[in-house]
Amino acid sequence: MALGTLYRGEQGSVKFDDAGSSANEIVGTRSWSLTLDKAVLETTAIGDSYAGNVGSIISGSGSVEVIYTATASETGAFVDHINTAQDQGTALFELYLFSTTKKIVFNGVVTSADFSATVGELQVVTINFVTNGTITTTL
């Protein structure tokens, strides 16, 4: 069996726009992760011999790890989005697996940001989020 195209982690990137219209690249993205979950509804009827299940509502959550860069405007807006009260969940996220062709796009809410600093090391900020509404995959 022949292997298809293999993708490497260094080809991934993240784009974000807190206004939800035109996403810009997050400079210094070190990694990202996204977990998609589908709720399962049981459909077993009385007298059935086997359990029945159907898929239902889909949701997602994940994180982006960025190397903090004070001069990158979209990176600063991304990190600062945790301070947005009354967040309507309209921030645009674009997670890229490869170039501009393999991506996952959704609106979301930044739920937390983990800041840390170690003397002599790069400052890394981990942004956690949840999806809001439709999740579009082009994989």
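Two strands are said to pair if DSSP finds at least two bridges between them. In this predicted model, such pairing places Y96 opposite K103 in β6.

**Overall architecture**

The protein has 1 helix and 7 strands. Along the sequence these elements follow the pattern β-β-β-β-α-β-β-β. The radius of gyration is 18 Å, well over the 14 Å that the globule rule gives for 139 residues, so the protein is more spread out than a compact globule. The C-alpha trace spans about 65 × 50 × 35 Å along its principal axes.

Buried residues make up 29% of the 139 residues. The accessible surface comes to about 8,700 Å², and carbon and sulfur atoms account for 50% of that area. Among contacts with a separation of 6 or more, 59% are between residues 24 or more positions apart.

**The sheet**

Strands of a sheet pair through backbone hydrogen bonds, either parallel or antiparallel. Here, an open sheet of 7 strands has the order β2-β1-β5-β6-β7-β4-β3, and its pairing is antiparallel. Strands β2 (24-25) and β3 (29-42) stand at the edges with a single partner strand each, so one side of each is left without a neighbour in the sheet.

| Strands | Bridges | Residues opposite each other |
|---|---|---|
| β1 and β2 | 2 bridges | F16 and N24 |
| β1 and β5 | 5 bridges | K15 and E94 |
| β5 and β6 | 7 bridges | Y96 and K103 |

Two of these pairs are also hairpins. Strands β1 and β2 form a hairpin with 6 residues between them, and in its turn G20 has a positive phi of about 80°. The hairpin of β5 and β6 has 3 residues between the strands, and there S99 takes a positive phi near 45°.

**Strands β1 and β5**

Both strands are mostly covered. In β1 (residues 13-17), 4 of the 5 residues are buried. In β5 (residues 91-98), 6 of the 8 residues are buried.

Residue V14 is found in strand β1, and its bridge partner in β5 is L95. V14 is buried, with a relative accessible area of 0%. Leaving aside residues up to four places away in sequence, V14 touches N24, E25, I26, T29, W32, V64, E94 and L95. One of these neighbours, E25, lies 11 residues from V14 along the chain, and the C-alpha atoms of V14 and E25 are separated by 5.8 Å.

**The nonpolar core**

Which residues touch the most other members of the largest nonpolar core? Of the 19 residues in this core, they are V66, F78, F93, F106, I127 and F129. At least two core residues come from each of β1, β4 (53-67), α1 (73-80), β5, β6 and β7.

The surroundings of F106 illustrate how one of these residues is placed. Not counting residues up to four places away in sequence, F106 touches L34, A91, L92, F93, L95, F129, T131, T134 and I135. Among these contacts are F93 and F129, which are likewise listed with F106 among the core residues that touch the most other members.

Strand β7 (residues 124-138) contains N128. The side chain of N128 makes a polar contact with the side chain of S112, at 2.8 Å. When residues up to four places away in sequence are not counted, N128 touches G62, S63, V109, V110, T111, S112 and D114. Strand β6 covers residues 102-116, and β7 stands between β6 and β4 in the order of the sheet.

**Summary**

In brief, the predicted model is an open sheet of 7 strands with antiparallel pairing, together with 1 helix.

Technical notes: Residues are numbered from 1 along each chain as its sequence is written. This is a predicted model: local features need pLDDT of at least 70, side-chain atom pairs count only at pLDDT 80 or more; totals for chains, interfaces and linings use all residues. Side-chain values use heavy atoms; hydrogens and water are left out. A polar contact is a pair of N or O atoms within 3.5 Å; within protein, one must be able to donate a hydrogen and the other to accept it, and residues adjacent in sequence count only if both atoms are side-chain atoms. Contact means heavy atoms within 4.5 Å. Buried means under 20% relative accessible area, exposed over 50%, partly exposed in between (1.4 Å probe, protein chains only). A nonpolar core is a set of buried Ala, Val, Leu, Ile, Met, Phe, Trp, Tyr and Cys residues joined through side-chain atoms within 4.5 Å. The radius of gyration is taken over C-alpha atoms; the globule rule is 2.2 Å times the number of residues to the power 0.38. Accessible areas come from the Shrake-Rupley method with a 1.4 Å probe; for residues, only the protein chains shown count as cover.
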